[in-house]
Amino acid sequence: MDEEGWFSVTPESIARHHAVRCSGGLIVDCFTGVGGNAIQFAQKSKHVIAIDIDPKKIEYAQHNAAIYGVNDQIDFIKGDFFVLAPKLKADTVFLSPPWGGPDYAKVEKYDMKTMLQPHDGYLLFHTAREIASRIVMFLPRNVDLNQLAELSLSVSPPWSLEVEKNFLNGKLKAITAYFDDTTMKG
């Protein structure tokens, strides 16, 4: 794992929880990094497509998946999620985009329109909804909750939204937003 991987990887207990919440079906992990989430998803779902633009991160993720014995359940793709998105279909899209480095914690409200990398949260959401009827976004603990509500209301009919606070060692670590297309429920 490289230096960025240490501060950007999802803590294993939270990644395991995400995997339980998203179990079954095909999951696309759009910014896989060193593979922490993809590995947990592979243990609970049918198959995972793990994408990252950085070839080193894909190399680390493949190595980590082999250690966990799940590399045969994950397709690792080196590429730009936004270029690949039109060719993808899945049950769930998992988005843990770069938060912009450790400075995210210095602001009172994290703005998904200006602070998320490489594109804003609105473009992310609308790109992901073309792939799956469920979108899961892992975001900073100080994310503007009104922006999450705006996302769910930005489509017609609105998607359902559940916001979950993720705690680690008694401290609020992050927010996970679960969006579901209510028209796809049977």
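**Helix α7 and residue R134**

Trainee: In this predicted model, what covers the buried residues of α7?

Mentor: The cover over the buried residues of α7 comes from several elements of the fold, and these include one helix segment, α6 (121–128). Strands also take part, among them β5 (134–140), β6 (160–168) and β7 (171–180).

Trainee: Which residues of α7 are buried, and why do they lie on the same side of the helix?

Mentor: Helix α7 spans residues 145–153, and its buried residues are Q147, L148, L151 and S152. They lie on the same side of α7 because the arc they cover around the axis is only 145 degrees.

Trainee: Which exposed residues does the face of α7 turned away from its buried side carry?

Mentor: Having placed the buried side, one can look to the face turned away from it, where the residues in question are exposed. On that face α7 carries N146 and L153.

Trainee: Which side chain reaches the backbone nitrogen of N146 at the start of α7?

Mentor: The contact at the start of the helix involves a side-chain oxygen, which comes to within 3.0 Å of the backbone nitrogen of N146. That oxygen belongs to D144.

Key:
Residues numbered from 1 in each chain as written. Predicted model: local features only at pLDDT ≥ 70, side-chain atom pairs only at ≥ 80, totals over all residues. Heavy atoms only, no water. Buried < 20%, exposed > 50% of the residue type's maximum accessible area, 1.4 Å probe, protein only. Helix = DSSP H or I, 4+ residues; strand = E, 2+ residues; numbered from the N terminus. Arc of directions from axis to C-beta. Contact = heavy atoms within 4.5 Å. Polar contact = N/O pair within 3.5 Å; in protein donor to acceptor, adjacent residues only side chain to side chain.
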